[in-house]
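Student: Hi, could you walk me through this one with me?
Tutor: Happy to, let's have a look together.
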Amino acid sequence: MWQKIKGSWNQTKGAIKEQWGKLTDDDLMEIQGRRDQLVGKIQTRYGISQQEAEAQVSGWEHKQKSM
């Protein structure tokens, strides 16, 4: 699943920004489709634990699969 997200990163950025509005365009450029980077940026911007950020990304991924 993540390979598909990474492969269509330009289209995916909008969906990520909708979900996590505190992420900046610079953050998204830095992430460049890397899941671990996304988790880290969410953790930093929202002041949450790595486990919580990981859970949010996993939930988001699950929603993307069903679309």
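Tutor: One term before we start: buried means under 20% relative accessible area, exposed over 50%, and partly exposed in between (1.4 Å probe, protein chains only). This is a predicted model, where local features need pLDDT of at least 70, side-chain atom pairs count only at pLDDT 80 or more, and totals for chains, interfaces and linings use all residues. Residues are numbered from 1 along each chain as its sequence is written, and side-chain values use heavy atoms, with hydrogens and water left out.

Student: Great. Is E30 buried, exposed or partly exposed?
Tutor: E30 counts as partly exposed, since its relative accessibility is 41%.

Student: And which residues of α4 are buried?
Tutor: In α4 those are R35, L38, V39, K41 and I42. Seen down the axis of α4, these buried residues fall within an arc of 165° (taken from the directions from the helix axis to the C-beta atoms), so they line one face of the helix. On the other side of α4, D36 and T44 are exposed.

Student: What covers the buried residues of α4?
Tutor: The cover includes α1 (2-7), α2 (9-19), α3 (25-31) and α5 (50-65). Contact here means heavy atoms within 4.5 Å, and helices are DSSP runs (H or I, at least four residues), numbered from the N terminus.

Student: What span should helix α4 have?
Tutor: Its 12 residues (35-46) should span 16 Å at 1.5 Å a residue, and the end C-alpha atoms are 16 Å apart, which agrees. The expected span is 1.5 Å times one less than the number of residues. After α4 comes G47, with a positive phi near 65°.

Student: Switching topic, how many salt bridges are there?
Tutor: The count comes to 6, taking a salt bridge as a side-chain nitrogen of Lys or Arg within 4 Å of a carboxyl oxygen of Asp or Glu.

Student: Which salt bridges does K41 make with D27 and E30, in terms of N to O distance?
Tutor: D27 and K41 meet at 3.7 Å, N to O. That pair links helix α3 and helix α4, with D27 and K41 14 residues apart. K41 and E30 meet at 3.2 Å, N to O, and these two are 11 residues apart. K41 is buried at 17% relative accessible area, and D27 is buried at 3%.

Student: What about E61, what does it form a salt bridge with?
Tutor: E61 pairs with R35, the closest N and O atoms being 3.0 Å apart. E61 lies in helix α5 and R35 in helix α4, so the pair ties together parts 26 residues apart in sequence. E61 counts as buried, at 12% relative accessibility.

Student: Which residues do shared partners join into one network?
Tutor: Salt bridges that share partners join D27, E30, K41 and R45.
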